[in-house]
Amino acid sequence: MTNTDPTERGYWRPLMALQERMEADIAALYAERGLSGVRPRFAYPLIRLAHRGPMTIRDLAESLDRTHSALSQTVAAMREEDLVETVPGPDARTRVVRLTERGRDLVPFLEAEWRATEDAAEALDAELPVHLADYIEAMTARLAQRGFRERIAEHLEHSWDNGPESEGDAESGDEDER
């Protein structure tokens, strides 16, 4: 068994680094505009709340295609920055999220920034040798033919072999050589 950290291999690392770089640039733009405490991940839910009105955390998460858990954390962070407030919902288990005055005041800027970000991304995409939208469409089509779970399972079979070594095998010196 190899002792190398599989996360060092890094197929996803460049993609995550790119996303982090772009989000850091948006955050820097917010800071330049004096929007303290506002994070890029807040824009989507704040804009949605402005257009649809107060919503339960579950309904807001579904409307944004996010998990309840992830959005609950985002709502808590937005509440700390006085962008939203939560009030009891129709039953004891639900909380309704609504914009505060500060949150409402930010929405026009966030909508303009959202449109500008989309325009900048499209312009950047036009500079690339392969358009990201075309690449995503091609990947989606391939995954429709054969799902990612199946692809992972195939590679896992080849790399996992007979499963992890049992403690008894390792102690007895009967380790597989690779």
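Modeller: Trp12 is partly exposed, at a relative accessible area of 45%; here buried means under 20% relative accessible area, exposed over 50% and partly exposed in between (1.4 Å probe, protein chains only). This is a predicted model, in which local features need pLDDT of at least 70, side-chain atom pairs count only at pLDDT 80 or more, and totals for chains, interfaces and linings use all residues. Residues are numbered from 1 along each chain as its sequence is written, and side-chain values use heavy atoms, without hydrogens and water.

Biologist: Which class of accessibility does Phe148 fall into?

Modeller: The relative accessibility of Phe148 is 44%. Because that value lies between 20% and 50%, Phe148 counts as partly exposed.

Biologist: What is the angle between the planes of Tyr44 and Trp114?

Modeller: Rings of Phe, Tyr and Trp (its six-membered ring) pair if their centres lie within 6.5 Å; planes under 30 degrees apart count as stacked, over 60 as edge-to-face and the rest as tilted. Tyr44 and Trp114 lie 5.3 Å apart centre to centre and form a tilted pair, with an angle between the planes of 40°.

Biologist: How many residues lie between β2 and β3 in their hairpin?

Modeller: Strands (E, at least two residues) and helices (H or I, at least four) are DSSP runs, numbered from the N terminus, and two strands pair if DSSP finds at least two bridges between them. Strand β2 (residues 84–88) runs antiparallel to β3, with 5 bridges joining them. Pro88 stands opposite Arg95 in β3. In the hairpin of β2 and β3, the number of residues between the strands is 6.
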